[in-house]
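Subject: Structure handover, with notes on cavities and cores

Hi,

Here is the structure I promised to pass on to you. My notes follow below it.

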Amino acid sequence: MELKQVTHIDNVRLSDDGRAVRILDQSLLPNETIYLELQTPEELYEAIATLRVRGAPAIGIFAGYALYVLALQAKTTSYADFLAECQKNRDYLNSSRPTAVNLRHMLDRVLAVVQSMPCADISAIQDAMGQMAKAIHEEDIAMCTAISEYGLSLVKAGDGILTHCNAGPLATSRYGTGLGPLFLAQERGIPLHAFCDETRPLLQGARLTAYELQRAGIDCTLICDNMASLVMKQGKINACFVGCDRVARNGDTANKIGTSGVAILAKHYGIPFYVLGPSSTIDFTCPDGDHIPIELRDGAEIKEKFFSKPSSLPEVKCYNPAFDVTDHELITAIVTEKGICYPPFAESFAKLFPGKGAKA
């Protein structure tokens, strides 16, 4: 089989001098392609909070590099002071967005390096932190590749795939999670057609998913969020692929606002609904979706973002949750780098991730 080359976007990495985090500013896509090099705590925090870098895996990769870059700026030679500074930076970065569990996990992995080396020189600890951050990035590439392979096994040539938000290379490292099977299919010459929900109010589907798929030569059609039901009824959708920001132990899944509605529609029309994400997204300490914190964002995003003039009166109140939780009963399967988990998810997690899935 002749493979097609798909260009992958270099969205998060260390700068050439290794002292800053270099990102593609996703808040400006698709009309501007601007790269930023960030060093200060405030710059790094702001990049996460304002969605310059977004997508749970990409945030995790960014966070690992960010904590390392900040550690390089430490002036102290005292281990206790260095550890305290790293912990402070970890807490500050972790507060930038509350829903994506990868942010916390990857910050904790890099901080754990510091905690494990109390007798080492500061420079040696910094080097080890950098190696861990790079390992996190490399692991994500491998995880996305595996997730894409498993996801591709769930569809066939000619299928129509409904997407919501953005779970492609921009949100991860390579291939992506929810979009990964589409990129892998393109490389292997397997035709699939994507219907991309625009994903109000920040339009990640319109600005990012459609951008990535179009650049890769993947057949795609952009639809408004409220068109999904009709497209499903018309028989154009064979499966729904979405990413995830946090998965609870029972399989309840937090993802971009609107995902739950897509799952409800898919259930009604008998269409399989698949959640794709790395195992780092599963929070085994979280029993169910009711325990997942939901980020509330500025209501101005609803009325003003991407509009030349406000779409509503200034005095009109807005409610702008960034995520919703899809009930596990609506999910056909959760696809991880270790395999495909089917309901009941608590049991399948326990089998696939022994020692974790059974935690109370």
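By class, how many nonpolar, polar and charged residues does the lining of the largest pocket have? The lining has 4 nonpolar, 3 polar and 3 charged residues, where Ala, Val, Leu, Ile, Met, Phe, Trp, Tyr, Cys and Pro count as nonpolar, Asp, Glu, Lys and Arg as charged, and the others, Gly among them, as polar.

Before the rest, some bookkeeping. This is a predicted model, in which local features need pLDDT of at least 70 and side-chain atom pairs count only at pLDDT 80 or more, while totals for chains, interfaces and linings use all residues. Residues are numbered from 1 along each chain as its sequence is written, and side-chain values use heavy atoms, with hydrogens and water left out.

**Pocket and cavities**

The search ran on a 1 Å grid over the protein atoms alone: a cavity is a set of points where a 1.4 Å probe fits but cannot get out, a pocket is an open set with protein on both sides within 12 Å along at least five of seven lines, and lining residues have an atom within 4 Å of a point. Grid points are joined across faces, edges and corners, and a volume is the space filled by probe spheres set on the points.

The largest pocket has a volume of about 180 Å³. Among the residues that line this pocket are His 105, Met 143, Phe 284, Glu 337 and Lys 356.

Over the whole structure there are 4 cavities of 30 Å³ or more, and the largest cavity has a volume of about 170 Å³. Of the 20 residues lining the largest cavity, Arg 54, Gly 55, Ala 56, Asn 166 and Asp 245 lie nearest its centre. Helix H2 and strand E9 (253–256) each supply at least two residues of that lining; helices (H or I, at least four residues) and strands (E, at least two) are DSSP runs, numbered from the N terminus. By class, the lining of the largest cavity has 8 nonpolar, 8 polar and 4 charged residues.

**Nonpolar cores**

A nonpolar core here is a set of buried Ala, Val, Leu, Ile, Met, Phe, Trp, Tyr and Cys residues joined through side-chain atoms within 4.5 Å. Buried means under 20% relative accessible area, exposed over 50%, partly exposed in between (1.4 Å probe, protein chains only).

The largest core has 40 residues, of which Phe 62, Phe 82 and Met 129 touch the most other members. H2 gives the most to this core, with 13 residues. Apart from it lies another core, of 26 residues, including Leu 162, Ala 228, Ile 271 and Cys 341.

Asp 25 sits in the loop between strand E2 (21–24) and strand E3 (35–38). Asp 25 counts as buried because its relative accessibility is 2%. Its side chain makes a polar contact (a pair of N or O atoms within 3.5 Å, one able to donate a hydrogen and the other to accept it; residues adjacent in sequence count only if both atoms are side-chain atoms) with the side chain of Ser 27, at 2.5 Å.

Glu 301 lies in helix H10 (residues 300–303) and counts as buried because its relative accessibility is 12%. The side chains of Glu 301 and Asn 320 make a polar contact (2.9 Å).

Gly 243 is in the loop between strand E7 (239–242) and strand E8 (246–247). With a relative accessible area of 4%, Gly 243 is buried.

Best wishes
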